[in-house]
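Please examine the sequence and the three-dimensional structure shown here. The briefing after them is arranged by topic.

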Amino acid sequence: MLIRITHTRCLGTISIALLSVGMMLMTALWGCEKRKEPIKVGFVGGLTGRLSDLGIDGRDGVILAVEEVNRAGGIRGRPVELISKDDRQDPETAVKVDKELIREGVVAIIGHMTSAMSMAVLPLINKEKVLMISPTTSANQLTGLDDYFVRVMPPNKSETDHLTRYACDKMGMRELVAVYDLSNRAYTEEFYQNLRSQFEKLGGRIAHSATFTSGSEVGFTDLARGLLKPAPDGLLVVAGAVDAAMICQNIRKAGFEGPILSCGWAMTDDLLRYGGRAVEGVVFSQLADRGSQKETYVRFKERFSERFGREPSFAALHGYEAGLVLFNALSKNDDPGELKATILEQRIFQGVPGDFELDNYGDPQRKRFLITVRNGQFKGVE
């Protein structure tokens, strides 16, 4: 009996040991499977319609960043899955698709691409505590807020100040007329007011301003005629690429030969495609010189061109950067609730045209470049 009891205990001990080993193996296997589950990341921008160049370029920049991180083994062994949505440059749609992404379990949203859409969704983002990283939103109204919004594009006051100093000091402008698009009012009206304030401080005057709302029904011929009534020595156009091109076409047809200033939003290939000779000499302030020979920029441009068959615009570049900022943070801490803190703790990031620093609110300061259109290409101002 003693032997049987001893034998039973041994079997019990062995069974318990085997069970423990089995559970450990199952736990390990489950952990491996969990690590292999994709990390879902959202992208939202305007992918259809008149202003879609910005959204498509931004999305493709993010796609390149996703593909590169996945080829390198993913994030802690987990692949990144990008889920893209179209906000149609419509506030209600923007909120709707962000809600869809949150329900699908994304850890963060890269977007939106315009200030108007970013501001429309910010209450939802803050309520749900989901990090949003915008490649191109630059509204000053979003500066210095303790929220769930981070961006790689500086507030647009740095852009307007840079452009105004050049207009006054180098181009000798003293009287401007201006036109801006209300479909992205959070950006365009602020851009216009910033530039006007700085221009007047430097001794200039805005003789006349006009507005329009982007769409096929805009009467650009009449708009151009109205702008030229004060006979200005310069024009400011704050609009997307297609609309800026149409304004430049009509303003040149009406006989205006003076200099034209525009915003970074307009600086995509659509401006060159639709503007032709009429956009020659238009001046912008941007964060990257497309003719730069800086190694990080040249390598990015080569990889993007090989993947998509075209040169990257500023939107593609900053979409790529936004992806890198997010993936870098996830590699350090994949807890979605800690993403913003992780990003702000790092502070300094390697950007494509150069390093940049984020402040305590996720707003960057970056070096700016003056760009013009020369012989149908975007070139640095000499």
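The points below cover the sheet, the helices, the salt bridges and some backbone details.

This is a predicted model, in which local features need pLDDT of at least 70 and side-chain atom pairs count only at pLDDT 80 or more, while totals for chains, interfaces and linings use all residues. Residues are numbered from 1 along each chain as its sequence is written, and side-chain values use heavy atoms, with hydrogens and water left out. The model contains an open sheet of 5 strands and 25 salt bridges.

**The sheet**

- Helices (H or I, at least four residues) and strands (E, at least two) are DSSP runs, numbered from the N terminus.
- The order of the strands in the open sheet is S2-S1-S3-S4-S5, and their pairing is parallel; two strands pair if DSSP finds at least two bridges between them.
- Strand S2 (80-86) and strand S5 (149-151) form the edges, each pairing on one side only.
- From one strand to the next, the twist averages 25°.
- Strand S3 (residues 108-111) and strand S4 (residues 131-134) run parallel and are joined by 3 bridges.
- Ile110 stands opposite Ile133 in S4.

**Helices across the sheet**

- Angles run from 0 to 180 degrees between N-to-C directions, and axes are lines fitted to C-alpha atoms, for helices over the stretch in contact.
- Helix H2 lies across strand S1 (39-45), S2 and S3, and runs at about 170° to S2.
- Helix H11 lies across S1, S2, S3 and S4, and runs at about 165° to S3.

**The packing of H11 and H12**

- Helix H11 (residues 314-332) packs against helix H12 (residues 339-346) at an angle of about 105°, and their axes are 9 Å apart.
- The two helices, H11 and H12, are therefore roughly perpendicular to each other; angles under 35 degrees count as roughly parallel, over 145 as roughly antiparallel, 65 to 115 as roughly perpendicular and the rest as oblique.
- On the H11 side, the contact is made by Val325, Leu326, Asn328, Ala329, Leu330 and Lys332, and on the H12 side by Leu339, Thr342, Ile343 and Gln346; contact means heavy atoms within 4.5 Å.
- The residues of this contact of H11 with H12 comprise 6 nonpolar, 3 polar and 1 charged. Here Ala, Val, Leu, Ile, Met, Phe, Trp, Tyr, Cys and Pro count as nonpolar, Asp, Glu, Lys and Arg as charged, and the others, Gly among them, as polar.

- Glu68 is found in helix H2 (residues 52-71).
- Glu68 is buried, with a relative accessible area of 18%; buried means under 20% relative accessible area, exposed over 50%, and partly exposed in between (1.4 Å probe, protein chains only).
- Not counting residues up to four places away in sequence, Glu68 touches Arg303 and Tyr320.

**Salt bridges**

- A salt bridge is a side-chain nitrogen of Lys or Arg within 4 Å of a carboxyl oxygen of Asp or Glu.
- Asp57 and Arg310 form a salt bridge in which the closest N and O atoms are 2.9 Å apart. The pair links distant parts of the chain, 253 residues apart: Asp57 is in helix H2, and Arg310 is in the loop between helix H10 (295-308) and H11.
- Asp57 is buried, with a relative accessible area of 10%, whereas Arg310 is partly exposed at 27%.
- Lys96 and Glu100 meet through their side chains in a salt bridge (2.8 Å, N to O). These residues, Lys96 and Glu100, are 4 residues apart in helix H3 (residues 91-103), so about one helical turn separates them.
- Arg205 and Glu175 also meet in a salt bridge (2.5 Å, N to O). Arg205 lies in strand S7 (residues 205-212) and Glu175 in strand S6 (residues 175-181), so the pair ties together parts that are 30 residues apart in sequence.

**Backbone details**

- The peptide bond from Gly111 to His112 is cis, with omega near -15°; His112 lies in the loop between S3 and helix H4 (115-128).
- Arg88, a residue other than glycine, has a positive phi near 55°. Arg88 lies in the loop between S2 and H3 and is exposed, with a relative accessible area of 57%.
- Arg347 is not a glycine either, yet its phi is positive, at about 70°. Arg347 is found in the loop between H12 and strand S11 (348-349) and is partly exposed, with a relative accessible area of 28%.
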